[in-house]
Amino acid sequence: MNAPTAPWPYPRWIAHRGAGRLAPENTLAAFRLGAAHGWRMFECDAKLSADGVAFLLHDATLPRTTNGRGTAGDLTWGELAQLDAGAWHSRQYAGEPIPTLESLARWCIANHYYLNIEIKPTPGAEEVTGRAVAALAARLWHGQDVPPLLTSFQPLALSGARETAPQLPRGLLLDKLHDGWLDTALQLGCVAIVCSHALWTADHVQAVHRAGLRALSYTVNDEWAAERLIELDTDGIISDRVDLFSPAR
């Protein structure tokens with residue numbers, strides 16, 4: 001297979017939301033646990049509080065992973081910081097707070113870990129979130145050897161990130177390969193396409209590589225799926241199973 005000639009600084013294995021399902025997702029406890037299992041790259045979800053602070057949360061609303069209610073982006077950071085983001089998972093993690101993106105970034109930089117920041121905007125705040133996350137990442141990783149990989153399902157978020165910090169690498173997230181999917185990624189200046197692992201075929205991977213991009217997959221939790229992706233020569237595997245896969249593979 002043809003492969004992109006530009007160097008790719010990231011590990012193949014990426015821990016989903018810190019440690020997958022072993023700890024409360026998108027908390028510092030999860031990232032520490034993922035690191036304890038030997039993982040060196042992590043994926044997280046970032047959105048903005050009502051007063052513009054970037055913080056980690058997957059859902060638009062709070063109830064699934066915190067003791068809060070309503071839309072997360074409607075609360076100030078001071079209100080979000082008071083919530084319990086661990087008790088929903090297990091008693092062991094009760095009291096675990098929602099972290100800011102900056103706190104995770106500083107932990108990653110201090111420990112020489114790699115980060116994939118999924119820009120996960122509150123609906124209607126796609127562009128402003130992309131701009132804010134990119135601006136913060138550019139400031140925090142200034143002078144570092146390897147910047148974070150910024151990804152999003154939302155082209156507007158990636159466009160905002162590109163306009164704010166064009167030097168940061170971007171990836172387009174896809175849950176289906178719609179007409180023009182590769183062209184969309186190229187128009188956004190992306191370096192990678194990240195899609196559901198079942199969508200990748202040899203032809204699709206070759207097309208992405210011929211275009212000079214990388215092919216990454218989510219969320220890969222079975223050995224057979226991982227082996228298929230390795231045989232297809234894909235470039236990144238995002239997984240919950242930090243306890244199953246060895247990131248040194």
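A search of the whole structure, a predicted model, finds 11 aromatic pairs. Rings of Phe, Tyr and Trp (for Trp, the six-membered ring) count as a pair if their centres lie within 6.5 Å; planes under 30 degrees apart are stacked, over 60 edge-to-face, and the rest tilted. A pair of aromatic rings is described by the distance of the centres and the angle of the planes.

Start with W13 and W39. Helices (H or I, at least four residues) and strands (E, at least two) are DSSP runs, numbered from the N terminus. W13 is buried because its relative accessibility is 1%. W39 has a relative accessible area of 0%, so W39 is buried too. Buried means under 20% relative accessible area, exposed over 50%, and partly exposed in between (1.4 Å probe, protein chains only).

Now turn to F42 and W107. This pair is tilted, with 5.7 Å centre to centre and 55 degrees between the planes. F42 is in strand β2, and W107 is in helix α3 (residues 101-111). The pair links distant parts of the chain, 65 residues apart. F42 counts as buried because its relative accessibility is 0%. W107, at 16%, also counts as buried. F42 and W107 belong to one aromatic cluster with F31 and Y113.

Residues are numbered from 1 along each chain as its sequence is written, and side-chain values use heavy atoms, with hydrogens and water left out. In this predicted model, local features need pLDDT of at least 70 and side-chain atom pairs count only at pLDDT 80 or more, while totals for chains, interfaces and linings use all residues.
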